[in-house]
Amino acid sequence: MKQFFTNTLLEWNKHENTRSMPWKGEKDPYRIWLSEIILQQTRVEQGWAYYERFILNYPTVKELAAAPEEAVFRLWQGLGYYARCKNMLAAAKQIVSGYHGHFPNTYETIQSLKGIGPYTAAAIASFAFNLPHAVLDGNVFRVLSRFFDIDTPIDSTAGKKQFSELAQELLPHGQSASYNQSIMDFGAVVCKPQQPACSTCPLAGKCKAFHLGLTGLLPVKAKKLVIRKRYFYYLVLQYKDQVFIRKRTESDIWQNLHEFILIETPGPEDVTALRATAAFKNIVKDIRYNMDAVSGIFKQQLTHQTIHSQFLMLSAGKKPEMPGYMAIPRDQLDHYAFPKTITDFLSNRELTLF
């Protein structure tokens, strides 16, 4: 059963796998690492262009480590989850300072780098150095749980241990890179989360979930994802050709990014109600302003939260005092890195002021 599974995947990968990605077959650990970091919480279709831009701008880990943080954040802009970018920069500096710019070549040393967990370490170790470490991502969990009919929750301690041991048992000697690539691609294009291609699947003959009619029920998760709704209202305060922004210092996913004046409310507000809030009045109390325009709603879906953002364009009659904020020319906004919801607004031509 296990030998059939492994051999079938290898044959499928050799003769039928047509999935194309720029990092596929790559042996440079730096490029593999870069692709894996970009693809955390990001679809391949979205991450592809970012990967190519990073390789173009920073072809080596030494060049990435030496890059100004703001420039790297700007290149990352739109991918979200900026902690990945911060960790990536920290790891690049670790490689330069601790390994003389040479990417470490053992699973343990790779995993010691900032932001690298077991999956990413296994991917780099196997793809770059063909070391015997099985990858275990969402695609792999799904393929294994269905073929072997495993209903242990994949997000439980017992499940992680069970799947990790099974994945390692299935790994063929000397073919770690090919096998890991095959099972991940197989999960992406054949054993998909929705509407898997069971009718043409080469594993279907021995797939337990297929024969038991359990395909749609596996894999199992113990924890139900709770998504928090958040409502952001940005005051785009302008004076002549300048606009006020600040750098976030809070320890959250947007740390070190820039933003306009922000009011967060417990629920959605119309503009009239928002202007009546204490938070709004406190911000504009000494400012003579005009309300020039109001944007539509910009929505961003994150793993654990949904962000609803709206932008209010205010123009001041005289330059206001805004402690904690800096006034910059509007045409220099593209020199700064912003959260995705703001970049979506800035790239939208709905409002003529931008």
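Student: Which residues of α1 and α11 meet each other?
Tutor: Bearing in mind that this is a predicted model, Phe5, Thr6, Leu9, Leu10, Trp12 and Asn13 on the α1 side meet Ser178, Tyr179, Ser182, Ile183, Asp185, Phe186 and Val189 on the α11 side. Sorted by class, this contact has eight nonpolar, four polar and one charged residues.

Student: Why are α1 and α11 called roughly perpendicular?
Tutor: The axes of α1 (residues 2–15) and α11 (residues 176–189) come within 9 Å and cross at roughly 80°. Angles of 65 to 115 degrees count as roughly perpendicular, and therefore the two helices, α1 and α11, are given that description.

Student: What makes α3 and α5 roughly antiparallel?
Tutor: Here the axes of α3 (residues 44–57) and α5 (residues 69–76) come within 10 Å, and their crossing angle is roughly 150°. An angle over 145 degrees counts as roughly antiparallel, so α3 and α5 are placed in that class.

Student: Which residues make the contact between α3 and α5?
Tutor: Tyr50, Arg53, Phe54 and Asn57 belong to α3, and they meet Val72, Leu75 and Trp76 of α5. The residues of this contact divide into five nonpolar, one polar and one charged.

Student: How do you know that Thr306 is buried?
Tutor: Its relative accessible area is 6%, and since buried means under 20%, Thr306 is classed as buried. Thr306 is found in strand β7 (residues 305–316), and, leaving aside its neighbours within four places in sequence, Thr306 is in contact with Ile227, Arg228, Lys229, Arg230, Lys299, Gln300 and Gln301.

Student: Why is strand β2 described as largely enclosed by the rest of the structure?
Tutor: Five of the six residues of β2 (residues 242–247) are buried, so the description "largely enclosed" follows from that count.

Student: What makes β1 and β2 a pair, and in which sense do they pair?
Tutor: Two strands pair if at least two bridges are found between them, and β1 (residues 228–239) and β2 are joined over two bridges, in the antiparallel sense. In this pairing Tyr239 has Gln242 of β2 as its bridge partner. The strands β1 and β2 form a hairpin with two residues between them, and Lys240 in the turn has a positive phi of about 55°.

Student: Which other strands pair with β2?
Tutor: Strand β8 (residues 326–329) pairs with β2 in the antiparallel sense over four bridges, and the partner of Gln242 in β8 is Pro329. Strand β3 (residues 258–259) is joined to β2 by two bridges, again antiparallel, with Arg246 standing opposite Glu259.

Student: Which residues touch the most other members of the largest nonpolar core?
Tutor: Of the 97 residues in that core, they are Phe5, Trp33, Phe54, Leu64, Met88, Leu144 and Phe260. Not counting residues up to four places away in sequence, Phe260 touches, among others, Val243, Phe244 and Ile245, as well as Ile342, Phe345 and Leu346. Apart from this core lies another of 15 residues, among them Tyr231, Leu235, Leu274 and Phe280.

Student: Which residues of α15 are buried, and what do they pack against?
Tutor: In α15 (residues 340–347) the buried residues are Thr341, Ile342, Thr343, Phe345 and Leu346, and the buried residues of this helix pack against β1, β3, β6 (298–301) and β7.

Notes:
Residues numbered from 1 in each chain as written. Predicted model: local features only at pLDDT ≥ 70, side-chain atom pairs only at ≥ 80, totals over all residues. Heavy atoms only, no water. Buried < 20%, exposed > 50% of the residue type's maximum accessible area, 1.4 Å probe, protein only. Axes fitted to C-alpha atoms, helices over the stretch in contact; angles between N-to-C directions. Parallel < 35°, antiparallel > 145°, perpendicular 65-115°, else oblique. Contact = heavy atoms within 4.5 Å. Nonpolar A, V, L, I, M, F, W, Y, C, P; charged D, E, K, R; others polar. Core = buried A, V, L, I, M, F, W, Y, C linked by side-chain atoms within 4.5 Å.
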